Amino acid sequence: MIIPRLALQSLRNRYVTALLTVLAIAVSVMLLLGVEKVRTGARQSFADTISGTDLIVGARSGSLQLLLYSVFRIGNATNNVTWTSYEEIARLPDVDWVVPLSLGDSHRGFRVLGTTPDYFVRYKYRHGQPLALRQGEVFRDLFDVVIGADVAEALGYKVGDSIVVAHGVGAISFVEHEDKPFRVSGVLEKTGTPVDKTLHVSLEAIEAIHVDWQNGMPAPGESVSADEVRQMHLAPKAVTAALVGLKSRIATFRVQRAINEYRAEPLSAIIPGAALQELWGLVGTAETALGAISAMVVATALLGMVTTVLTTLNERRREMAILRSVGARPTTILGLFVMEGALLTISGVVLGVAMLYGALWAARPTIDRLYGLDLRITAPGAWELATLAAIVLAGVLVSVIPAVRAYRLSVADGMMVRS
């Protein structure tokens, strides 16, 4: 018990330096574990962008391309899916429900999605959580639009405001559907998914705004007013993609194969979870870089501890000399410095974990609301515990360096009065 008592007394005599060292280790531990928490939360939120959908169907293309334009609203489809094919897919025996998606228009840089009211029931995210309206209602009139939370916040829209949809997906468009404005009927709650950056209209509305268009441009000499188009039969001719729910997960591969081998037109059916994992594999390099940076921060903090102890070692020569003069063994000197390093490191680790969980508890609701990241407060897992143990072990090992240096200082050198 003498070594721990000596170590505590020594640290108490140098409490300012000791506190700064503990704080440096604590901040580095908090950063390392915090990056892991954010990485895990981001990956989980990424995987939970779409939940409860068994297949996504679109024109023949790569799985990532289909996933990007249908779920993340990035890029464009190679082709459309005819309405006849859509109806045939909906009639397959294993299919429980189908939700159409029609893309191609935008509003001030935000994508416009044509769909049906079933979209707001069937689309799920984050462990099956459904979409919810912050205010208003799902579109009922032909020219109603339900906007995502980010659209409402960025553009300052509220229920009742008028919106003009533009043709194409550019941030700036010179061709707009000014003769057929939409009215905001509802605003969705924040989800942390691409839904937040999307304007949702009915499939009939997509047909309505293009009824007097040809080849992507207004037809010369033709103009159909909003009142006139309300009286028309607006059956869609094609959709961009479709979300498919099956009666049984067992039928997933059977239905996927049937759609991929569909002879009427070339189609692709992808499993969202598999495609998301493939996409994460491409963009997940950043998490490795963040982990490496955090590990270097921890290493820097431990090196700082060694530097601090070595710097103060010259001031402690007399202390070491007195200990050796009264019969302290080499193991006592070694044990004293190792114990100090262990106490500093353990204190830093404990403080760092406490700071991390305190920060998570305080910031979790705000992070979820602003960024859609679900940072769960859970007990440290096997990786975290192994990392913390490795940090403590590293702290003990690096403290051997000043311990050896202290032992090599001679008694005479320690007793010598320097001017």
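Okay, Arg-73: you'll find it in the loop between helix 3 (63-70) and strand 2 (81-82); helices here are DSSP runs of H or I, at least four residues, and strands are E runs of at least two, numbered from the N terminus. Its phi is positive, about 60°, although Arg-73 is not a glycine. Most residues other than glycine have a negative phi. Arg-73 also counts as buried, at 10% relative accessibility, where buried means under 20% relative accessible area with a 1.4 Å probe, protein chains only.

Arg-126 is another one: phi near 45°, again positive, in the loop between strand 5 (124-125) and strand 6 (129-130). Arg-126 is buried too, with a relative accessible area of 13%.

Quick caveat: this is a predicted model, so local features need pLDDT of at least 70, side-chain atom pairs count only at pLDDT 80 or more, and totals for chains, interfaces and linings use all residues. Residues are numbered from 1 along each chain as its sequence is written, and side-chain values use heavy atoms, leaving out hydrogens and water.

Now, helix packing. Helix 2 (residues 15-47) packs against helix 14 (residues 382-398) at about 160°, axes 11 Å apart; the axes are lines fitted to C-alpha atoms over the stretch in contact, with angles from 0 to 180 degrees between N-to-C directions. That makes the pair roughly antiparallel, meaning over 145 degrees. Who touches whom? From helix 2, Val-29, Leu-32, Leu-33 and Glu-36 meet Trp-383, Glu-384, Thr-387, Leu-388 and Ile-391 of helix 14, contact being heavy atoms within 4.5 Å.

Zooming out, the protein has 16 helices and 17 strands, and 46% of its 419 residues count as buried.

Definitions and conventions: Parallel < 35°, antiparallel > 145°, perpendicular 65-115°, else oblique. Buried < 20%, exposed > 50% of the residue type's maximum accessible area, 1.4 Å probe, protein only.
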